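Hello,

Here is the structure I promised to hand over. My notes follow below it.

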Amino acid sequence: MEKTTLILVGIVACLASVASATPGIATFYTNYVPSACFGSTPQGNMIAAAGDALWNNGAVCGKTFTVTCTGPRNAVPHPCTGKSVTVKIVDHCPGCPSTIDLSREAFATIADPVAGIINIDYTQYV
């Protein structure tokens with residue numbers, strides 16, 4: 001009985017995390033320093049800049065998000081790798097066409113960089 005309950009709780013938790021993903025758009029950038037959140041202090045390569053929709057006057061600085069490619073936004077067919085990536089928000093991308101502007105390394109983890117822009121699902125990592 002306990003095992004069945006544990007399995008059921010695990011399934012519900014997985015479904016809840018999938019259901020809470022938010023659709024968005026991702027692009028990538030290559031100059032990581034300085035950043036709006038951390039100035040000239042490098043934060044590694046698995047980072048991202050928040051578009052205006054997420055920025056919230058910098059409240060998102062330092063937050064982490066799990067990002068998954070869900071499909072193309074242009075003529076590049078099948079850009080997704082099937083992987084997800086967790087990134088830390090270190091910068092602001094004002095006026096960007098994307099929700100999340102990933103580092104090139106993070107983008108390449110989830111999609112072919114040739115695509116340049118992709119559809120994504122993202123969740124804030126708690």
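Is Ser98 buried or exposed? Ser98 is buried, because its relative accessible area is 6%. Buried means under 20% relative accessible area, and exposed means over 50%, with partly exposed in between (1.4 Å probe, protein chains only).

Two notes on the source. This is a predicted model: local features need pLDDT of at least 70, side-chain atom pairs count only at pLDDT 80 or more, and totals for chains, interfaces and linings use all residues. Residues are numbered from 1 along each chain as its sequence is written, and side-chain values use heavy atoms, with hydrogens and water left out.

Now the surroundings of Ser98. Ser98 sits in the loop between β4 (84–93) and β5. Its side chain joins that of Thr27 in a polar contact of 2.9 Å (a pair of N or O atoms within 3.5 Å; within protein, one must be able to donate a hydrogen and the other to accept it, and residues adjacent in sequence count only if both atoms are side-chain atoms). Beyond neighbours within four places in sequence, Ser98 is in contact (heavy atoms within 4.5 Å) with Ile25, Ala26, Thr27 and Gly51.

Next, the strands (DSSP runs of E, at least two residues, numbered from the N terminus). Two strands pair if DSSP finds at least two bridges between them. β1 (residues 22–29) pairs with β5 (residues 100–103) in the parallel sense, over four bridges. Thr27 has Asp101 as its bridge partner in β5. β2 (residues 47–51) pairs with β5 in the antiparallel sense, over three bridges. There, Ala50 has Ile100 as its bridge partner.

Finally, the whole chain. Of its 126 residues, 34% are buried.

Best wishes
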